[in-house]
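I'll jot things down as I look them up.

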There are 2 protein chains.
Amino acid sequence: MDEILNAVLKRVRPTEAEQMRLQEVVASLLRRVEEACARLGVNAKPMLVGSAARGTWLRTERDIDIFILFPEDLPREELERTGLAVAREVAGRTGKERYAEHPYVTAKIGGFEVDLVPCYDVADARRIKSAVDRTPHHNRYIIERLTPELRDEVLLLKQFLSGIGVYGAELKVQGFSGYLSELLTLHYRSFKNIVVAASTWSPGTFIDFTNSYAPEEAKALFAGQPLIVIDPVDANRNVAAALSTQNFATFVRACQDFLRQPHMRFFFPRSLRSLSPKEIQKKIRQRGTTFICITFKSPGVVPDILYPQLRKTERALIARLFRSGFEVFRSDVWSNGRSIILLELSIAKLPDVRLHRGPPITVEVGDFIEKHLRSKSKFAGPFIDGGGRLVFEIKRELTSARQVVERALAERSAFGKHVAEAIAEGYKIYEGEEIAKLCSDAAIRKFISEYITRCLPWYR
Amino acid sequence: MDEILNAVLKRVRPTEAEQMRLQEVVASLLRRVEEACARLGVNAKPMLVGSAARGTWLRTERDIDIFILFPEDLPREELERTGLAVAREVAGRTGKERYAEHPYVTAKIGGFEVDLVPCYDVADARRIKSAVDRTPHHNRYIIERLTPELRDEVLLLKQFLSGIGVYGAELKVQGFSGYLSELLTLHYRSFKNIVVAASTWSPGTFIDFTNSYAPEEAKALFAGQPLIVIDPVDANRNVAAALSTQNFATFVRACQDFLRQPHMRFFFPRSLRSLSPKEIQKKIRQRGTTFICITFKSPGVVPDILYPQLRKTERALIARLFRSGFEVFRSDVWSNGRSIILLELSIAKLPDVRLHRGPPITVEVGDFIEKHLRSKSKFAGPFIDGGGRLVFEIKRELTSARQVVERALAERSAFGKHVAEAIAEGYKIYEGEEIAKLCSDAAIRKFISEYITRCLPWYR
């Protein structure tokens with residue numbers, strides 16, 4: 001195993017030259033922020049945060065996060081206005097404004113993705129005004145504790161998480177954040193220790209850096225969250241809150257499999273081959289299911305807002321189909337400029353007749369019988385079923401899953417807000433092998449290929 | 001209501017002439033049994049039992065039950081041998097031997113269906129050697145208590161039960177026996193009282209002629225039986241044991257409906273019109289379901305043995321289909337010379353792909369992954385589902401309901417014994433509109449018509 005880990009480190013640890021290059025860019029950025037603050041007469045100071053600040057960045061990570069810290073007493077509008085002015089000045093013309101909980105500026109500078117994020121410099125992390133104010137505290141906590149030896153262990157863990165497809169706390173991924181990786185490393189002291197420990201994790205695993213909770217208390221408080229890691233700078237917060245059960249279980253299985261047979265493919269899995277449109281059609285035919293693929297123009301919101309809405313909409317459609325008697329076999333969502341909700345149905349067509357149950361004998365029938373007896377939609381009944389319930393057999397209104405989906409897309413109830421608006425503007429449905437038509441877009445082709453050949457990366 | 005009841009009585013009460021005619025035939029039969037006993041040197045005496053004995057026979061009922069009572073100490077083979085000899089002598093050449101729990105002889109005599117049943121003359125009904133020995137006790141109990149006025153009430157109840165389709169305790173019907181009708185009349189004192197009481201019955205209704213049980217005790221002892229009427233001659237027995245929940249609920253609903261709006265149609269429903277083969281095909285098309293009709297030569301056993309076996313086989317097929325992912329919408333069984341198990345499927349075709357779940361993360365995978373990873377039947381996987389379970393998507397072995405039915409008919413596990421033997425000899429499957437081919441047989445056509453247009457008789 002040590003051989004493998006050394007080989008991995010060689011590939012993922014930035015070279016001296018790369019580190020120098022980063023430090024140059026960082027130094028220049030910090031200077032430019034200070035200069036901009038002086039020029040604009042702003043009382044604020046820059047801080048390098050994130051993996052670049054902690055020496056835990058992978059060679060493939062090209063992110064630099066510079067936070068611009070303002071005094072706590074500055075009014076919020078002032079912060080946003082002057083903060084953005086400073087950020088824009090530093091970013092230059094390539095800078096783009098983004099909105100998450102807060103506005104910030106992102107730019108491509110010196111070959112790096114640079115985020116310039118205004119925030120408050122809050123003394124007590126439990127008194128922050130918004131989530132971004134917590135980052136400087138995280139930064140200080142890790143920098144003070146992470147020794148150079150532990151940095152390598154973080155790199156191994158991050159590359160492992162990345163290789164098995166669960167790295168990143170953004171809501172598109174719902175995986176492990178860089179900060180969480182660093183905390184796990186601080187707690188277990190080595191990548192190997194983490195793998196050994198995690199291979200026996202079960203949902204509800206609990207790590208408390210603050211010693212604030214008894215395990216049972218934490219499990220109740222953070223119920224349903226598979227991994228609970230109490231934030232050392234704020235005991236009210238689970239650092240692993242974004243982690244899905246699916247990704248938690250993927251990590252645990254990966255650790256079990258890696259211990260049984262260590263291999264480079266956990267860190268560097270085979271890349272997925274996209275299928276050709278012909279292959280996609282053939283696979284769909286072989287599966288014998290019905291694909292219903294809903295596409296629409298993505299609403300103009302960041303992925304952290306869009307993905308939860310896409311998933312909410314996906315769940316609403318599945319629930320609606322289920323209530324109408326249709327079974328969704330598997331499903332997924334995807335987005336870039338276009339958004340996709342892909343539903344794969346085992347049952348896409350139901351009979352015209354359906355059962356309509358009346359009350360049990362102990363309940364008065366009221367007008368249940370009169371209402372249905374002469375109805376045109378009656379096939380048979382009333383009669384009594386095996387359980388003693390009065391039933392009619394009547395005509396089913398919607399007999400195909402596509403009809404149900406179209407009805408749901410017209411009503412858009414329980415959809416995500418921006419997704420509902422985007423769908424109202426227009427959508428297209430591709431059914432069955434038709435979805436091969438979407439494959440002229442290479443990114444969509446990749447998404448569909450991945451869906452069809454879905455497999456844990458280390459088994460590819 | 002009284003007008004209706006009087007009109008019903010006029011139609012169902014045997015005329016003077018009919019009663020005379022019955023008495024003549026009965027007297028002659030009793031005499032012939034006595035003569036036969038004398039001639040064959042047999043120590044036994046005849047007893048008229050059943051509705052003819054109690055003056056509770058409907059004009060349409062043309063049954064005479066003569067029991068031949070033997071001393072208790074006679075060995076069983078002796079009873080069967082000499083009992084049958086006497087019965088055969090009385091029945092003459094038209095007599096036919098039948099076997100239920102016991103052999104007996106049935107014959108058409110003087111326009112009546114005559115059963116000649118040898119049994120033991122047991123002093124204590126709780127010490128009987130077989131079910132038929134109980135009948136003389138029932139007979140005496142009712143005759144001693146049923147006044148001429150009450151007889152009319154019994155006639156009304158029986159015709160009501162017959163009209164709504166729940167008269168007869170035989171296992172084909174699973175309804176109310178004549179004896180149960182008489183006991184209910186003794187208990188409630190009039191047909192009207194019964195209807196009023198039954199309209200508020202709920203499953204577990206309890207009537208104890210022996211005052212042997214507390215209600216809760218009886219409900220526990222006879223759990224699952226919707227109506228519990230403790231037999232006055234044997235407190236261990238529920239007279240309504242054969243009554244199905246379906247027929248119980250049908251009776252309760254009929255009483256509710258009759259009270260709301262009394263009508264002759266409860267006693268004399270419109271007769272069911274058989275559909276033409278063309279109409280049957282059209283209805284099947286309209287329902288959009290898949291009919292799978294299994295037919296085979298009926299095994300040579302009485303209906304009380306055959307019907308439970310047919311239903312057991314029906315349940316086994318439904319359970320097997322369900323386990324394979326197929327949903328049976330409704331089903332029924334039927335028999336005369338030919339037996340039919342009719343299955344109507346909502347879902348008759350499933351996709352080629354199916355989910356195969358592995359263990360949760362807390363359980364070792366063992367060879368689950370190795371076994372499926374290189375399998376030819378693998379479509380996708382392994383991956384982790386939303387619940388954290390390892391899954392493969394693999395090829396479904398049987399994708400059509402018909403394949404599952406054929407496999408089940410080849411294995412015949414959990415089928416009724418005689419039915420399994422009959423099916424082993426050979427069967428035919430008619431699928432979908434093909435079942436119209438069976439309709440050259442008028443009785444089968446009636447069964448299928450009734451199935452398709454199924455409706456409580458008083459709503460026809």
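This is a predicted model: local features need pLDDT of at least 70, side-chain atom pairs count only at pLDDT 80 or more; totals for chains, interfaces and linings use all residues.

**Entry 1: two helices crossing.** I started with helix α12 (residues 303-323) of chain A and helix α15 (residues 417-425) of chain A, whose axes sit 8 Å apart and pack at an angle of about 75°. That angle makes α12(A) roughly perpendicular to α15(A). Who does the touching? From α12(A) I found Ile305(A), Leu306(A), Gln309(A), Leu310(A) and Thr313(A), and from α15(A) there are Lys417(A), His418(A), Val419(A) and Ile423(A). Sorted by class, I get five nonpolar, three polar and one charged residues in the contact of α12(A) with α15(A).

**Entry 2: another helix pair.** Next I looked up helix α1 (residues 2-12) of chain A, which packs with helix α6 (residues 148-163) of chain A at an angle of about 90°, their axes being 10 Å apart. So α1(A) and α6(A) are also described as roughly perpendicular to each other. On the α1(A) side, the contact uses Leu5(A), Val8(A), Leu9(A) and Val12(A), while α6(A) brings Asp152(A), Leu155(A), Leu156(A) and Gln159(A). The class tally for α1(A) with α6(A) came out as six nonpolar, one polar and one charged residues.

**Entry 3: a sheet in chain A.** In what order do the five strands of the open sheet in chain A run? I wrote down β1-β2-β5-β4-β3, with mixed pairing. The edge strands are β1 (45-49) and β3 (96-99) of chain A, and each of them pairs on one side only. From one strand to the next, the twist averages 30°.

I then picked out strand β2 (residues 63-70) of chain A and strand β5 (residues 112-120) of chain A, which pair in the parallel sense over eight bridges. Here Leu69(A) stands opposite Cys119(A) in β5(A).

Helices lie against this sheet too. Helix α4 (residues 76-91) of chain A goes across β2, β3, β4 (103-109) and β5 of chain A, and it runs at about 5° to β4(A). Helix α5 (residues 135-145) of chain A packs on the sheet as well, touching β1, β2 and β5 of chain A, and its direction makes about 55° with that of β1(A).

**Entry 4: over to chain B.** I checked strand β11 (residues 338-345) of chain B and found it mostly covered, with seven of its eight residues buried. Which strands pair with β11(B)? One is strand β9 (residues 290-297) of chain B, antiparallel over eight bridges. A hairpin of two residues joins β10(B) to β11(B).

**Entry 5: one serine.** Is Ser130(B) buried or exposed? Its relative accessibility is 4%, so Ser130(B) counts as buried. I located Ser130(B) in the loop between β5 (112-120) and α5 (135-145) of chain B. Leaving aside neighbours within four places in sequence, Ser130(B) is in contact with Arg76(B), Glu101(B) and His102(B).

**Entry 6: both copies.** Last, I compared the chains. A rotation of 180° with 0.0 Å of shift along its axis superposes chain A on chain B, with an RMSD of 0.1 Å. The two copies are therefore related as by a two-fold rotation axis. In chain A, the C-alpha nearest the axis belongs to Ile347(A), 3.9 Å from it. The same surface serves both copies, as 100% of the contact residues of chain A recur in chain B.

Note on methods:
Residues are numbered from 1 along each chain as its sequence is written. Chains are lettered from A and ligands numbered from 1 in the order in which they are written. Side-chain values use heavy atoms; hydrogens and water are left out. Axes are lines fitted to C-alpha atoms, for helices over the stretch in contact, and angles run from 0 to 180 degrees between N-to-C directions. Helices (H or I, at least four residues) and strands (E, at least two) are DSSP runs, numbered from the N terminus. Angles under 35 degrees count as roughly parallel, over 145 as roughly antiparallel, 65 to 115 as roughly perpendicular and the rest as oblique. Contact means heavy atoms within 4.5 Å. Ala, Val, Leu, Ile, Met, Phe, Trp, Tyr, Cys and Pro count as nonpolar, Asp, Glu, Lys and Arg as charged, and the others, Gly among them, as polar. Copies are superposed by least squares on the C-alpha atoms of residues with pLDDT of at least 70 in both. Buried means under 20% relative accessible area, exposed over 50%, partly exposed in between (1.4 Å probe, protein chains only). Two strands pair if DSSP finds at least two bridges between them.
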